[in-house]
Structures are given as structure tokens and as C-alpha cells.
Amino acid sequence: MKLTHVCILSGDMKAMIGFYEQVLQLEPHTAGDAYAEFRTPVATLSLFAAEAHERLAPGSAEPGRNRSVELEFLVDDVDAEYARLCRIPGLVWVKPPTTQPWGIRSIFFRDPEGNLLNFHSRVDAEPAR
């Protein structure tokens, strides 16, 4: 088994596509107005319009209500990413750059619909266990 996609159901595709395009510095691959993908070397982050999803599986999801999933992205330099992201108007910060005891430096912030993101990098020589 291999995880290929993480999909966020969105109530505002325009805002979400614009946000992830800035944050990830990737061009979205779109299929009409209801679907967009941001392809990374490991997996794809996709955005799917909530109203289109509702037609596929009525009552199964509610956009902007997640408080239990965190999207994590490994970056080369958390502090450089923090400085870059601070220039994005309205970005909602949860936690500034912080080094964790287990050797990870990270920042936490939210997308326009409240989903939690974590950009992190290793700051020690030992791999995480």
C-alpha cells in the first residue's frame, strides 16, 4: 500500500488554491474549477470543491471543520520559510519557529479554511526514531 494523495475539501477553491500556490511555491494542476493538485516528489496534495464532493457522497464531509489532521512538509530551512511566509498577508500563525527536544525545528500555521500545517526540518545529526 502507498499513500498517494491527501485531499482537502474546500468551500472556497480560489482562496485555497492561491494560498497553497504561495505557501508551497508549486503550480497547481487543475481540472476545471472544482479540482486542483499540488504534486510533490512524495505525494500529492489535492483540493476538491465541497459542492462537487457533495454530489459524489452526500453528507459525508464538511469543509473548514477539521481540527484533528496536520499536514506536514519537510523543508530545508524552517527559519527561511518562516521569513518568507511572514510576507503573506493574513496568514494565521499557530506557533513560531521552535526547536523540539527530539531534534525537529518547526512552524505551525493555518490555511484559509483552518487546516493546520507544519513546516519542519531536522536540526540534529541523528535521525528521528
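At 36% relative accessibility, Asp79 counts as partly exposed, a label that lies between buried, under 20% relative accessible area, and exposed, over 50% (1.4 Å probe, protein chains only). The exercises below use a predicted model, in which local features need pLDDT of at least 70 and side-chain atom pairs count only at pLDDT 80 or more, while totals for chains, interfaces and linings use all residues. Residues are numbered from 1 along each chain as its sequence is written, and side-chain values use heavy atoms, with hydrogens and water left out.

**Exercise 1.** Find the residue with which Asp79 forms a salt bridge, and state how far apart the closest N and O atoms are.

*Solution.* Begin with the criterion: a salt bridge is a side-chain nitrogen of Lys or Arg within 4 Å of a carboxyl oxygen of Asp or Glu. The partner of Asp79 is Arg105, and their closest N and O atoms are 2.9 Å apart.

**Exercise 2.** How many salt bridges does a search of the whole structure find, and is Glu37, which has 13% relative accessibility, buried or exposed?

*Solution.* The search finds four salt bridges. One of them joins Glu37 to Arg39, with the closest N and O atoms 2.9 Å apart. Glu37 counts as buried because its relative accessibility is 13%, whereas Arg39, at 44%, counts as partly exposed. A further salt bridge brings together the side chains of Arg65 and Glu62 at 3.3 Å, N to O; here Arg65 is exposed, with 59% relative accessible area, and Glu62 is exposed as well, with 54%.

**Exercise 3.** Work out in which order four strands form an open sheet, and then describe how helix 3 lies across strands.

*Solution.* Two strands pair if DSSP finds at least two bridges between them, and the order that results is 5-8-7-6, with mixed pairing. At the edges are strand 5 (70–74) and strand 6 (92–99), each of which pairs on one side only. Inspect strand 7 and strand 8 (residues 116–122) next: they pair in the antiparallel sense over seven bridges, and Asn118 in strand 8 is the bridge partner of Phe108. Finally, helix 3 lies across strand 6, strand 7 and strand 8, running at about 20 degrees to strand 7. Contact here means heavy atoms within 4.5 Å, and angles run from 0 to 180 degrees between N-to-C directions of axes fitted to C-alpha atoms, for helices over the stretch in contact.

Key
Helices (H or I, at least four residues) and strands (E, at least two) are DSSP runs, numbered from the N terminus.
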